[in-house]
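This report goes through one protein chain by region. Please keep the sequence and the structure in view while reading.

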Amino acid sequence: MIEVASLTKRYGRRTAVERLSFTVQAGQVCALLGPNGAGKTSTMRVLVGLSTPSEGRVSVLGEPVGLGVAVLGRVGVLIDGPAFVPHLSGLANLRLLWSATRRAWPPPALDEALELAGLGTALQEKVKRYSMGMKQRLMLAQALMRAPDLLVLDEPANGLDPAEVRALRGYLARFAERGAAVLISSHQLAEVQQVATHAVVMDRGRLVAAGQLGTLLGAADTLRFEADPLDRAVAVLRAVPGVTAVTARGGYAEVTAPGVPSSDLVHALVTAGVRVGAVHRAGRSLEDAFLAMTITGEADAAR
Ligand SMILES: Nc1ncnc2c1ncn2[C@@H]1O[C@H](COP(=O)(O)OP(=O)(O)OP(=O)(O)O)[C@@H](O)[C@H]1O
């Protein structure tokens with residue numbers, strides 16, 4: 001659905017994106033993450049034909065992207081707003097934006113888009129009276145009303161209240177379940193963690209990590225044992241083949257052991273006379289993983 005191959009984007013002498021490659025497949029909600037200035041918006045702008053690559057190739061829905069190519073009609077985009085006409089109503093603005101497609105009004109998914117936007121009678125009011133959140137919801141409506149096969153959303157939750165964010169999350173999950181794909185950038189990592197299936201992490205224009213969220217978070221491979229005595233548990237676990245790391249943390253022994261069944265670890269502990277109270281899967285938060293991967297994390301660690 002999205003293919004980015006060795007994309008470089010320069011603005012004059014500044015390199016915003018450097019040899020970036022990643023893919024997003026049908027059915028995925030992919031979070032594009034990175035600290036401020038990492039190059040997320042620059043990448044998204046190239047993906048939707050708003051700017052041209054300095055080097056590399058980008059295609060969406062199997063077609064190369066260029067300014068005004070037809071395939072972009074199947075992509076719902078929310079990047080830097082569209083510029084709404086302030087003295088027109090919300091609905092009139094949507095009609096105006098739709099007219100660029102030269103297709104008959106109404107767009108195929110207008111009702112669903114308006115329901116999610118939840119603007120009600122305010123749709124008839126002039127956009128200049130809209131709050132920031134209302135404008136954001138109108139922007140979302142324009143991205144969704146065309147029943148796209150792919151959504152590219154730059155910080156879509158900006159200005160939304162928690163209930164609206166939750167509704168958006170539900171929408172995106174249903175959208176991907178239908179076989180569409182979503183690329184979403186966000187600074188709200190806890191929020192994104194609830195909806196993303198995959199993530200691409202960038203820092204200073206370069207790819208830091210990409211893959212399934214679970215893999216990036218290491219959730220599948222890390223276990224936490226409540227064990228007594230703890231120091232003995234740590235020593236025993238360190239000796240089990242396949243264990244790559246053991247730390248004592250908050251009264252638990254935290255073990256990273258890719259592919260080792262938890263029953264083997266419990267068996268090793270019990271045989272060595274360690275009492276095992278409970279075993280938990282230890283998922284890192286996306287925030288922890290993100291900070292560990294990016295310059296923001298390096299700065300934090302240095303503090
Ligand atoms: N039009 C432009 N002209 C010159 N430099 C630009 C332009 N757009 C972006 N940049 C620079 O490119 C780099 C990447 O910016 P970009 O907006 O893509 O990052 P971002 O990851 O989206 O950041 P943020 O999370 O703050 O939105 C930054 O150093 C930025 O200053």
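## Residues with positive phi

Arginine 204 sits in the loop that links β9 (198-203) and β10 (206-212). In this predicted model, the phi of arginine 204 is near 50°, a positive value in a residue other than glycine. Most residues other than glycine have a negative phi. Arginine 204 counts as partly exposed because 16 C-beta neighbours lie inside 10 Å, and the partly exposed class falls between 12 or fewer neighbours for exposed and 20 or more for buried.

Glutamate 155 also has a positive phi, of about 50°, although it is not a glycine. The loop that holds glutamate 155 runs between β7 and α5 (162-177). With 18 C-beta neighbours inside 10 Å, glutamate 155 is therefore classed as partly exposed.

## Cis peptide bonds

Most peptide bonds are trans. The bond from tryptophan 105 to proline 106 is cis, with omega near 5°. Proline 106 is found in the loop between α2 (90-99) and α3.

Another cis bond leads from aspartate 228 to proline 229, with omega near -5°. Proline 229 belongs to the loop between β11 and α8.

## The chain overall

The chain has 303 residues, of which 36% are buried. Its secondary structure consists of 11 helices and 14 strands. Along the principal axes, the C-alpha atoms fill a box of roughly 75 × 45 × 40 Å.

Among contacts in the chain with a separation of 6 or more, 69% are between residues 24 or more positions apart.

How many of the residues of strand β8 are buried? In β8 (residues 181-185), 5 of the 5 residues are buried, so the strand is largely enclosed by the rest of the structure. In a regular strand the side chains alternate between the two faces of the sheet. Both faces of β8 are covered: Ala181, Leu183 and Ser185 are buried on one side, and Val182 and Ile184 are buried on the other.

Strand β3 (residues 29-33) pairs with β8 in the parallel sense over 4 bridges. In this pairing, alanine 31 has isoleucine 184 of β8 as its bridge partner. Strand β7 (residues 150-154) also runs parallel to β8, and 5 bridges join β7 to β8. Aspartate 154 stands opposite serine 185 in β8.

## Helices α3 and α4

Two packed helices are described by the angle between their axes and the distance between the axes. For helix α3 (residues 110-117) and helix α4 (residues 132-144), the axes come within 8 Å and cross at roughly 160°. This angle is over 145 degrees, which means that α3 is roughly antiparallel to α4. The crossing in which α3 passes α4 is right-handed.

Which residues of α3 and α4 meet? From α3 they are Glu112, Ala113, Leu114, Leu116 and Ala117, and from α4 they are Arg137, Leu138, Leu140, Ala141 and Leu144. By class, this contact of α3 with α4 has 8 nonpolar, no polar and 2 charged residues.

An open sheet is formed by 4 strands in the order β12-β13-β11-β14, with antiparallel pairing. Its edge strands, β12 (245-249) and β14 (275-281), each pair on one side only. On average, neighbouring strands of this sheet are turned by 25° against each other, direction ignored.

Between β12 and strand β13 (residues 252-256), the antiparallel pairing extends over 5 bridges. Alanine 245 stands opposite threonine 256 in β13. Helix α9 (residues 262-271) packs on the sheet and touches β11 (222-228), β13 and β14. The direction of α9 makes about 160° with that of β14.

## Helices α8 and α9

Helix α8 (residues 230-238) packs against α9 at an angle of about 125°, and the axes of α8 and α9 are 9 Å apart. The two helices are therefore oblique to each other. The crossing of α8 and α9 is right-handed.

Ala233, Val236 and Leu237 of α8 make the contact with Leu265, Ala268 and Leu269 of α9. By class, the contact of α8 with α9 has 6 nonpolar residues, no polar ones and no charged ones.

Technical notes. Residues numbered from 1 in each chain as written. Predicted model: local features only at pLDDT ≥ 70, side-chain atom pairs only at ≥ 80, totals over all residues. Contact = placed C-beta atoms within 7 Å. Axes fitted to C-alpha atoms, helices over the stretch in contact; angles between N-to-C directions. Parallel < 35°, antiparallel > 145°, perpendicular 65-115°, else oblique. Left-handed = near helix turned anticlockwise from the far one by under 90°. Nonpolar A, V, L, I, M, F, W, Y, C, P; charged D, E, K, R; others polar. Pairing = 2+ DSSP bridges.
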